[in-house]
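The topics follow below the structure.

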Amino acid sequence: MRAMDVMTTAMVTIGPDTAVHDLAKLLSERGISGVPVVDNGRLVGIVSEGDLLHRAETGTERRTARRRWRWFDSAFEEARDYVKSRGRTVQDIMTREVISVGEEADLAEVATLMETKRIKRVPVLRDGRLVGIISRANLVRALAAIDREPATGVTGDDRDIRAKLLTELNGREWARVWPEEIVVQDGIVHLWVSDTRSAVEREALRVAAENVSGVRRVEEHVVPVPVFRPF
């Protein structure tokens with residue numbers, strides 16, 4: 001499998017001039033932990049909820065202890081922390097040196113990057129432009145889609161099936177699926193659906209998949225929606 005086979009293409013992105021307050025609202029309302037920062041289609045950074053932990057508004061700014069014997073390093077850290085805690089726009093707090101891969105990257109390469117760099121998501125680029133993003137959840141779903149017996153791997157036909165199914169579902173109110181919720185392996189379409197979806201919606205998803213040329217069968221994976229209980 002390659003990055004293009006499992007990446008999310010319907011991404012939430014944000015511009016570098018976006019206010020930090022608006023970023024916080026976006027992460028909270030969408031229930032996501034981070035977003036790519038894009039300027040005219042090109043990836044210029046990535047920002048996550050970790051960049052909002054130490055903010056002056058909430059009194060959580062980091063207090064850096066000055067070390068006299070390493071004054072230069074201490075001054076650099078203080079300046080960096082000051083910008084992080086008081087910067088007004090996304091470009092002030094985002095990570096600019098973004099680790100990314102091409103759409104042809106092998107998933108083993110992606111997994112190694114996530115592990116060694118301790119990151120949760122990897123942007124996918126084509127000629128410097130953002131075309132997708134892979135999260136740890138994408139890799140887990142890809143693994144779940146593979147039979148226990150050795151498979152022949154994702155082929156061009158599998159990618160074609162996935163693309164045609166996404167096109168068929170696009171814009172349909174009952175579909176409401178993210179691209180990462182569809183994985184195709186050896187002609188088998190794996191659909192991840194929440195247990196809150198109605199039976200008729202799930203049936204419509206199955207029928208749509210079955211009507212794509214080349215599909216051998218459709219497997220449904222029901223995901224329970226977490227229940228949040230007040231303390």
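Lys-84 is partly exposed because its relative accessible area is 23%, where partly exposed lies between buried, under 20%, and exposed, over 50% (1.4 Å probe, protein chains only). The model is predicted, so local features need pLDDT of at least 70 and side-chain atom pairs count only at pLDDT 80 or more, while totals for chains, interfaces and linings use all residues. Residues are numbered from 1 along each chain as its sequence is written, and side-chain values use heavy atoms, with hydrogens and water left out.

**Overall make-up**

- The protein has 8 helices and 8 strands; these are DSSP runs numbered from the N terminus, with helices being H or I of at least four residues and strands E of at least two.
- Of the 231 residues in the protein, 37% are buried.
- Among contacts with a separation of 6 or more, 62% are between residues 24 or more positions apart, a contact being heavy atoms within 4.5 Å.

**Salt bridges**

- The structure holds 12 salt bridges, each defined as a side-chain nitrogen of Lys or Arg within 4 Å of a carboxyl oxygen of Asp or Glu.
- Lys-84 forms a salt bridge with Asp-51, and the closest N and O atoms are 2.5 Å apart. This pair links distant parts of the chain, with Lys-84 in helix 3 (residues 71–86) and Asp-51 in the loop between strand 2 (42–48) and helix 3, 33 residues apart.
- Asp-51 has a relative accessible area of 10% and is therefore buried.
- Arg-126 forms a salt bridge with Glu-103, with 2.8 Å between the closest N and O atoms. Arg-126 lies in strand 4 (residues 121–126) and Glu-103 in the loop between strand 3 (101–102) and helix 5 (107–117), 23 residues apart.
- Arg-126 counts as partly exposed because its relative accessibility is 42%, whereas Glu-103 is buried at 18%.
- Glu-220 and Arg-202 meet through their side chains in a salt bridge of 2.8 Å, N to O. Here Glu-220 is in strand 8 and Arg-202 in helix 8, 18 residues apart.
- Glu-220 is partly exposed at 38% relative accessibility, and Arg-202 is partly exposed with a relative accessible area of 24%.
- A network of salt bridges links Glu-203, Arg-206 and Glu-210.

**Helix 7**

- Helix 7 (residues 156–169) has 14 residues and should span 20 Å at 1.5 Å a residue; its end C-alpha atoms are 20 Å apart, which agrees. The expected span is 1.5 Å times one less than the number of residues.
- Which residues of helix 7 are buried? They are Asp-158, Ile-161, Arg-162, Leu-165 and Leu-169. These residues cover an arc of only 95 degrees around the axis, which puts them on the same side of helix 7; the arc is that of the directions from the helix axis to the C-beta atoms.
- Asp-157 and Thr-167 are exposed on the other side of helix 7.
- The cover over the buried residues of helix 7 includes helix 1 (3–6), strand 6 (182–185), strand 7 (188–194) and helix 8 (199–210).

**Helix 8**

- The 12 residues of helix 8 should span 16 Å at 1.5 Å a residue, and its end C-alpha atoms are 16 Å apart, which agrees.
- Glu-201, Leu-205, Ala-208 and Ala-209 are buried in helix 8. They cover an arc of only 100 degrees around the axis, so they are on the same side of helix 8.
- An α-helix has 3.6 residues a turn, so residues three or four places apart point the same way.
- Ala-199 and Val-200 are exposed on the face of helix 8 turned away from its buried side.
- Helix 7, strand 7 and strand 8 (217–223) pack against the buried residues of helix 8.

**Largest pocket**

- The largest pocket has a volume of about 910 Å³. On a 1 Å grid over the protein atoms alone, a pocket is an open set of points where a 1.4 Å probe fits, with protein on both sides within 12 Å along at least five of seven lines. Grid points are joined across faces, edges and corners, and the volume is the space filled by probe spheres set on the points.
- The pocket is lined by 30 residues, of which Ile-32, Arg-141, Trp-178, Glu-180 and Glu-181 lie nearest its centre; lining residues have an atom within 4 Å of a point.
- Strand 1 (34–39), strand 5 (129–135), helix 6 (136–144) and strand 7 are the elements that give two or more residues to this lining.

**Thr-89**

- Thr-89 sits in the loop between helix 3 and helix 4 (90–93).
- Thr-89 is buried because its relative accessible area is 18%.
- Not counting residues up to four places away in sequence, Thr-89 touches Pro-16, Asp-17, Thr-18, Ala-19 and Val-20.
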